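Subject: Structure handover

Hi,

Here is the structure for you to look at. My notes follow it.

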Amino acid sequence: MAMQGPESNTPAGVTLAHISDPHLPLPVTVPLREVLNKRLLGLLSWRTKRHRRHRPEILARLIADMQEHAPDLVMVSGDLTNLGLDSEYRAARHWLDALGDPARVMTIPGNHEALVTGSWDKGAAQWQPYWQGDAAPESADVTCAFPVLRRRGALALIGISSAVVSPPGFAVGEVGVAQRDRLAALLRQTREEGLFRLMMIHHPPLLGTVSPRKHLRDHVEFCALLEREGVEMVLHGHSHRSHHQSLPTRDGPAPVIGVPSASSMHHEPAAYNLYRITQSADGWEVELSARHVGADQRMETGRCATMAIARGHAG
């Protein structure tokens, strides 16, 4: 069944918000049988420090400000959960429902959604309206569902899954050969359609953005693919910090932009980015405005920038 989404009037401009890593609160009671694995370390981390860093009142203030700006589309780049528990998936689904209609809100999994084997495979069904593309997945196997594509006016919103299970002490990601092959075809197709290809992935694709224990394992192959096929913009989370980088592609440099956690004031103030995307004579113009929570919990505007992005060309 096709997903019916808003017809974004891109020539006149579309506003898109990007948030990441909300790390919604853990349930008060966590059954011991569910944490006799890597989750135990995550539970200890939450109980000793992370519950003080990821604060629901900060997240609520940020979301209220975002809703006041009434973006046409909202992108959430993973780590809604902490341990990937069934109860967390249910709570996160309620949070997503409050955030907006699935046709205008899109999410992808982060490493915390795949903390142990099978957690994302099991939990994905609860979030499916929010991560699936315009059509429902052909397979029940979520490892075959990505990349996903949503067409919104002249935008191609592309969701990538980098969520894989990693050893204790690691939070690495991987796109994988099969997903990269499907992505190559999708990027070519949407380039031929003249769409603005906006890609969302949890892990930063560029080497050095995060430490090796948290990086994208196949970053070399993934970036080579993007350079070869082209992409207009890449959004990510994971580091809990803001990043403004660039990736060379066949069509010109593509901005690679990360946001801090939406609920934490630890590394950087909780923040989200607003983008205004319009078509120009030579391609696209993107106006970026960063909104962050101040020390008194008042929202403030941080970095602002205007980027000219060349249009991808077929051939």
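At what angle do helix α5 and helix α6 pack, and how far apart are their axes? Please note that this is a predicted model. The angle between α5 (residues 177-192) and α6 (residues 219-229) is about 20°, and the axes lie 10 Å apart. Angles under 35 degrees count as roughly parallel, so α5 is roughly parallel to α6. Their crossing is right-handed.

From α5, the contact takes in R180, L183, A184, L187, R188 and R191. From α6, E221, F222, L225, L226 and E229 take part. By class, the residues of this contact are 6 nonpolar and 5 charged, with no polar ones.

Now the pockets.

The largest pocket holds about 750 Å³ of space. Its lining counts 34 residues. Nearest the centre of the largest pocket are R50, H112, A171, R213 and K214. The lining splits into 17 polar, 9 nonpolar and 8 charged residues.

The second largest pocket has a volume of about 440 Å³. Here 19 residues form the lining, and A135, E138, A145, P147 and V148 lie nearest the centre. Two elements each give two or more residues to this lining: β4 (148-152) and α5. The classes in the lining of the second largest pocket are 10 nonpolar, 4 polar and 5 charged.

Best wishes

Conventions
Residues numbered from 1 in each chain as written. Predicted model: local features only at pLDDT ≥ 70, side-chain atom pairs only at ≥ 80, totals over all residues. Heavy atoms only, no water. Axes fitted to C-alpha atoms, helices over the stretch in contact; angles between N-to-C directions. Helix = DSSP H or I, 4+ residues; strand = E, 2+ residues; numbered from the N terminus. Parallel < 35°, antiparallel > 145°, perpendicular 65-115°, else oblique. Left-handed = near helix turned anticlockwise from the far one by under 90°. Contact = heavy atoms within 4.5 Å. Nonpolar A, V, L, I, M, F, W, Y, C, P; charged D, E, K, R; others polar. 1 Å grid on protein atoms, 1.4 Å probe; cavity = no way out; pocket = protein on both sides within 12 Å on 5 of 7 lines; lining within 4 Å. Points joined across faces, edges and corners; volume = space filled by probe spheres on them.
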